[in-house]
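Please look over the sequence and the model below before reading on. This report moves from the whole chain to single residues.

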Amino acid sequence: MAFALAPHVSSVRTPGGMVLLNARTGRYWQMNNTGAFVLEHLLAGGTCASAADELRHRHPSAADRVGADAVALLESLQSAKLVIS
């Protein structure tokens, strides 16, 4: 499944991750570098599973939770209507 930022959402990469702005609500979402990687990976056509595989290689100590964290992030972004499929 392909994902995209909703038309009313803008993003900017920051040294610490990424910030999303929902222009409809005026609310900001801030993500750390790992969250930004997952979102960018999804927007580039990847999946939560493939993002988690890459993160397991980068952060072996967190290998047991990265898959669930990637799915939880995507669900949160979809629930907030920031990401569409």
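Among contacts in the protein chain between residues at least 6 apart in sequence, what percentage join residues at least 24 apart? The share is 41%, and it is computed, like every value in this report, from a model that is predicted.

## The chain as a whole

Taken along the principal axes, the box that the C-alpha atoms fill is roughly 40 × 30 × 20 Å.

## Surface and charge

Of the 85 residues in the protein chain, 35% are buried. The accessible surface of the chain comes to about 5,100 Å², and carbon and sulfur atoms account for 54% of that surface. As for charge, the protein chain carries 7 positive and 6 negative side chains, and the centres of these two sets lie 10 Å apart.

## Two sides of helix α2

Helix α2 spans residues 48–58, and its buried residues are C48, A51, A52 and L55. These residues are on the same side of α2 because they cover an arc of only 100 degrees around the axis. On the other side of α2, by contrast, A49 and H57 are exposed.

What, then, covers the buried residues of α2? The cover includes α1, which runs over residues 33–43, and α3, which runs over residues 66–79.

## Two residues of strand β3

Strand β3 covers residues 17–22, and N22 belongs to this strand. With a relative accessible area of 7%, N22 is buried, because a residue counts as buried when this value is under 20%. Leaving aside neighbours within four places in sequence, the residues in contact with N22 are H8, V9, R27, A80 and L82.

M18 also has its place in strand β3, and M18 is likewise buried, with a relative accessible area of 4%. If residues up to four places away in sequence are not counted, M18 touches S11, V12, R13, W29, Q30, M31, A36, L39 and E40. The C-alpha atoms of M18 and Y28, which are 10 residues apart along the chain, are separated by 10 Å.

Is E40 buried, exposed or partly exposed? The relative accessible area of E40 is 33%, and E40 is therefore partly exposed. Apart from residues up to four places away in sequence, E40 touches R13 and M18. The C-alpha atoms of E40 and Y28, 12 residues apart along the chain, are separated by 17 Å.

## A loop residue with a positive phi

K81 is found in the loop between α3 and β5, the latter being residues 83–84. Although K81 is not a glycine, it has a positive phi of about 60 degrees. K81 is exposed, with a relative accessible area of 56%, because a value over 50% counts as exposed.

Methods. Residues numbered from 1 in each chain as written. Predicted model: local features only at pLDDT ≥ 70, side-chain atom pairs only at ≥ 80, totals over all residues. Heavy atoms only, no water. Buried < 20%, exposed > 50% of the residue type's maximum accessible area, 1.4 Å probe, protein only. Helix = DSSP H or I, 4+ residues; strand = E, 2+ residues; numbered from the N terminus. Arc of directions from axis to C-beta. Contact = heavy atoms within 4.5 Å. Areas by Shrake-Rupley, 256 points an atom, 1.4 Å probe, with all protein chains shown as cover. Lys, Arg positive; Asp, Glu negative; His and termini not counted. Charge placed at Lys NZ, Arg CZ, Asp CG, Glu CD.
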